Amino acid sequence: MNTKVTIAGVEFKNPVMTASGTFGSGMEYSEFVDLNRLGAVVTKGVASVPWPGNPTPRVAEVYGGMLNAIGLQNPGIDVFMQRDIPFLKQYDTEIIVNVCGKTVEDYVDVVEKLGDEPAVAMLEINVSCPNVKEGAIAFGQKADALYNITAELKKHAKQPIIMKLSPNVTDITEMAKAAEAAGADALSLINTITGMKIDIHKRTFAIANKTGGMSGPAIKPVAVRMVYQVAQAVKIPIIGMGGIANAEDAIEFLLAGASAVSIGAMNFVNPYTTVEVVEGIEAYMKKYHVEDIRELIGAVR
Amino acid sequence: MKQKVTATVISQKEIAPAIYDMWIATDLAEQALPGQFICVYPKNKSTLLPRPISICEVAGDKKALRIVYRIAGQGTTEFSGYQAGESVEVLGTLGNGFPVAAGKGKKVFLMGGGIGVPPILQLAKELREEGLAKEEIQIVVGYRDSRMFLKEDLEQYGTVYVATEDGSFGTKGNVMNAIEENGISADVIFACGPMPMLRAIKQYAEEKDITAYISLEEHMACGVGACLGCVVKTKKADHHSHVHNARICTDGPVFEAAEVDI
């Protein structure tokens with residue numbers, strides 16, 4: 001039975017990854033999960049300098065999911081390369097670094113520094129975080145802006161780049177096509193859906209940032225639909241995510257056209273989710289006599 | 001080691017209006033420290049996130065944990081309905097807890113306000129085991145009114161001073177008023193309670209030039225330091241992100257008052 005998938009020339013032992021921002025750099029969850037079991041660890045977004053993030057409260061629960069507006073708190077690329085990469089290198093899993101920035105130059109700076117680190121397999125470019133005022137989503141909601149930043153980063157990146165798409169757009173296929181046309185090696189989707197919760201007892205916003213990105217099982221149907229649409233619109237591989245709680249959910253994304261899947265908010269609910277999804281996919285393949293996982297990718301049209 | 005485990009409810013009762021007292025059987029008790037917390041998972045899958053709840057007491061045989069919590073929303077409402085024998089998913093033990101050693105050989109204030117009172121109990125118990133006399137363990141607790149909880153439990157280990165907001169028992173006002181009215185003092189403070197109380201304690205500790213260890217709370221998602229949801233501003237750069245934002249769940253929940261901006 002083959003569970004290996006290949007994305008932009010990088011081979012993953014299985015299609016199960018972590019969604020950026022929900023798993024740190026793996027350190028915190030390594031107490032629960034054997035990171036060697038995962039196809040890849042996708043790190044929390046890292047910028048050229050440390051970012052303090054947003055005021056609290058930063059998280060709130062909503063029906064079947066949660067809102068967050070962390071604001072990409074991160075230690076900056078220098079600390080990240082000295083601490084987080086060496087930690088991840090101890091494991092037999094691929095490293096995908098999520099890159100964020102306020103300006104094109106910020107992204108280029110991080111991408112170039114990571115170019116010196118052969119242990120990093122791919123870069124995921126965060127142009128879709130809804131929780132920071134500058135940069136990030138500003139590049140991810142207009143097709144021409146997305147095209148430009150993708151093309152620019154392709155000039156500087158040594159590793160293949162994944163553009164992480166926002167669902168907060170009118171037509172996600174336009175964004176996907178723009179990224180593909182600019183040379184993106186892969187796409188990941190969806191980032192969180194912008195939401196709001198009001199605390200009626202305190203008569204204030206549940207999140208200090210007023211809005212937050214919604215994630216969790218409640219957003220899964222939206223994510224599956226978008227993965228399917230994008231899979232029909234582009235030829236580059238897709239990493240699908242959005243509310244995956246178990247192997248059944250993950251298989252839906254594969255069938256919709258994703259070559260790999262990421263587990264996000266559900267890590268908070270069940271810290272063992274990632275490994276359970278790996279095992280559940282294998283059990284599904286056995287049950288339906290699927291010899292090669294690639295038979296599942298995009299099998300539902 | 002942090003683990004997600006299935007615990008069994010041993011007993012549960014309402015000990016004050018909307019305040020529930022639940023004992024759960026779990027091996028996590030073996031590693032539990034005063035001031036640490038556990039995350040309790042609702043069974044209703046529309047309320048996904050675990051609820052962080054402080055550890056109130058560890059059973060003598062280290063086979064069970066006691067949590068005392070207030071009904072604050074859907075999750076805790078669900079928990080309050082659990083009966084003896086029912087299973088419950090918990091993640092723990094989390095956070096660093098109170099530095100018990102910092103109280104050794106000293107006269108201490110253990111201060112708790114409202115639903116911040118519970119973690120004070122296990123701390124009082126352990127300070128007593130460390131050899132502090134009951135007179136040295138000065139427990140100052142604040143409640144809304146005379147419908148108090150855990151007072152008798154606390155009296156086993158220390159001298160208890162009470163403040164109530166409506167003056168129906170003890171000092172009228174808050175824990176700071178109780179300290180003043182009783183003319184008591186301490187070498188070190190351990191506290192858990194609402195933010196205005198913790199701010200007053202931080203200020204009091206600075207004036208008296210003593211150390212205060214305060215336990216903070218914030219909305220959390222993961223409880224293990226990954227999501228960066230629950231942060232507090234710190235004087236020094238935090239060791240994780242180097243941005244003066246420490247994670248309450250893993251770097252705390254107990255901090256030296258002088259080291260945080262609250």
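Lying across implies contact, meaning heavy atoms within 4.5 Å. The angle is taken between N-to-C directions, on a scale from 0 to 180 degrees, with axes as lines fitted to C-alpha atoms, for helices over the stretch in contact. Helices (H or I, at least four residues) and strands (E, at least two) are DSSP runs, numbered from the N terminus.

Before moving on, a word about the model. It is predicted, so to speak of local features takes pLDDT of at least 70 and side-chain atom pairs count only at pLDDT 80 or more, while totals for chains, interfaces and linings use all residues. Residues are numbered from 1 along each chain as its sequence is written, chains are lettered from A and ligands numbered from 1 in the order in which they are written, and side-chain values use heavy atoms, leaving out hydrogens and water.

Two strands pair if DSSP finds at least two bridges between them. Zoom in on strand S8 (residues 108–113) and strand S12 (residues 188–192) of chain B, which run parallel and are joined by five bridges. Here B:Gly112 stands opposite B:Cys192 of S12(B).

Next, select strand S1 (residues 3–16) of chain B. On one hand, six bridges join S1(B) to strand S7 (residues 87–94) of chain B, in antiparallel fashion, and B:Val5 has B:Val90 in S7(B) as its bridge partner. On the other, seven bridges link S1(B) with strand S2 (residues 19–25) of chain B, again antiparallel. B:Ala16 is partnered by B:Ile19 in S2(B). Show the turn of this hairpin: two residues sit between the strands, and B:Ala18 takes a positive phi near 65°.

**Where the chains meet**

Stay in chain B and display B:Lys2, whose side chain meets that of A:Glu31 in a salt bridge (3.3 Å, N to O). The term stands for a side-chain nitrogen of Lys or Arg within 4 Å of a carboxyl oxygen of Asp or Glu. How many salt bridges does the rule find across the interface of chain A and chain B? Three.

Select the whole contact and you will have 35 residues from chain A and 32 residues from chain B. The two chains bury about 2700 Å² between them, 59% of it on carbon and sulfur atoms; buried area is the accessible area (1.4 Å probe) lost by two parts on being put together, summed over both.

**A four-stranded sheet in chain A**

Move to chain A and pick out S5-S6-S14-S11, the order of four strands in an open sheet with antiparallel pairing. S5 and strand S11 (193–196) of chain A are the edge strands, each pairing on one side only. From one strand to the next, the twist averages 40°. Four bridges join S5(A) to S6(A), and A:Val62 stands opposite A:Gly65 in S6(A).

**Last stop**

Finally, show A:Glu117 and A:Lys89, whose side chains meet in a salt bridge (3.5 Å, N to O). This pair links distant parts of the chain, 28 residues apart: A:Glu117 is in the loop between helix H2 (104–115) and strand S8 (120–126) of chain A, and A:Lys89 is in helix H1 of chain A. Over all chains, the count comes to 29 salt bridges.
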